[in-house]
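Please consult the sequence and the 3D structure shown below.

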Amino acid sequence: SNFFLDSTDAINAINACYQPMQRPKLYNLRMWTSDIYAGNSVTGGGGGSDGIETVEEANFTTDASNAGVLDLYRGPYPGILYCNLVIQNVPGINMDTTLKNRIIGEAKFLRANYYFILVRYFGDVPLILTPQSPSSADYFPTRAPKADVYKQIIQDLNDAIALLPPRESYTGADVGRASKGAAVGTLAKVDLTLGDYADALTLCKQVTSMGYTLDANYSDNFNPATKNSGESLFEIQFSGATTYGFFDDLNQASWTSPYMGPRNTNFVGGAYGWNQPTQEFVDNYEPGDLRKDMTILYQGCPDFNGNVYQSSYSTTGYNVRKFLVPLSVSPDYNTSAEDFPVLRYADILLMEAEAMNELGMTSQAEAPSTSINAGGPLNQVRRRAGLPDVQGLNQTDLREKILHERRMELAFEGQRWFDLIRINNGQYGLDFLHSIGHTNATAKNLLLPIPLTEIQANPNLTQNPGY
């Protein structure tokens, strides 16, 4: 009765909707560790029980008691609740209509993203669209079919597109909020996931028409000094403030640099040595790919902030470089202000190329690039990486090339797993995993198990097949 009275309350409420994305349950840990079980890297860390839940996921021995799975299942629902509160209550506030519409659009966009995470990891999930009070709550919701979940995601994103302003309208502390371009790009990814290539292509072209561009320097996407750049459609904001405990939900410091820095070195604050790239991943770099030296540390690579890398720093001989923040910028483990990229324009271009190819427009997908921001969508991304244009491939070979390009361009950004499980109903992912030695991975592993504690608390929840 004392909240949702004015525009200040509405702004505070929408701010809360973003916050669960910053938590370790989602983008500050669990989302990027999916690259580990997608085969790009190994867990690393201190060995023993350190990260054992991720080791189990990577070995495809995960069961319903896995702590990482519980994080991913529980992570989105606080955000969904906060979004539901905004969507229900903000329309009734007497306030500026433009601001009201923007806030509702932000909530629709964020709710769609939270459910997009859930439906890809778990399939059918409870679809809760209104805030529940103790007197009205259904404490035992059933799992909605994933088709219904996707239908709601698409509706929310279409609503968000109609309500959100372009990114250029945001200034000062509002920079980084959800924008029309972020909603259009996310809907393109949803359509691509569902195999609706025609709509995905239209939406990708719409993003381009909004003025998004590739950064001239690939590494600017991962630099705290250049966050929210012209390439960014949506990223998780971190201030690096140490007001809250580093392991608390309200923490405002990024975990990527301290967790991925070479273990027991002074490369970065923290340096816990997680997420170590595999030899197989490194071998997939084409000669001359400029992204290699910006993405990984290897013996003989360019020094990092005056530090010479040794292969002995890692169990695989490699560490991730792209997210590391020098001590001069982040002097301690809990001071990194690096944002985490959720959707970049390079991803849009590669989705555009994939949609074109699947629609039989193979020659357009591999059209020559005239600059990093002109020409065929695939080759724009390759030109920025210092690679020659791809041309003359048939549809099957170009499909493989585009997926390869997605792997290298978006490495360690939590995208690879979702690519593995969406192509050919997941058979693409299983074939790849088997090829790198994970022969025990089966169709059941394309979804994570519903956590045991959730099933014990809710008799209406069912388990995914095979668990």
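G386 counts as partly exposed because its relative accessibility is 42%, where buried means under 20% relative accessible area, exposed over 50% and partly exposed in between (1.4 Å probe, protein chains only). The model is predicted: local features need pLDDT of at least 70, side-chain atom pairs count only at pLDDT 80 or more, and totals for chains, interfaces and linings use all residues. Residues are numbered from 1 along each chain as its sequence is written, and side-chain values use heavy atoms, with hydrogens and water left out.

**Surroundings of G386**
- The loop between α15 (377-384) and α16 (395-409) holds G386; helices are DSSP runs (H or I, at least four residues) numbered from the N terminus.
- Not counting residues up to four places away in sequence, G386 touches G288 and L290, a contact being heavy atoms within 4.5 Å.

**Largest pocket**
- The largest pocket has a volume of about 490 Å³; on a 1 Å grid over the protein atoms alone, a pocket is an open set of points where a 1.4 Å probe fits, with protein on both sides within 12 Å along at least five of seven lines, and lining residues have an atom within 4 Å of a point.
- Among its 19 lining residues, Y77, I128, Q132, D138 and P141 are the closest to the centre.
- Helix α5 gives the largest share of this lining, five residues.

**Second largest pocket**
- The second largest pocket holds about 390 Å³ of space.
- Of its 15 lining residues, K146, Y150, I421, R422 and L447 are the closest to the centre.
- Helix α17 contributes the largest share of this lining, three residues.

Terms used. Helices (H or I, at least four residues) and strands (E, at least two) are DSSP runs, numbered from the N terminus. Grid points are joined across faces, edges and corners, and a volume is the space filled by probe spheres set on the points.
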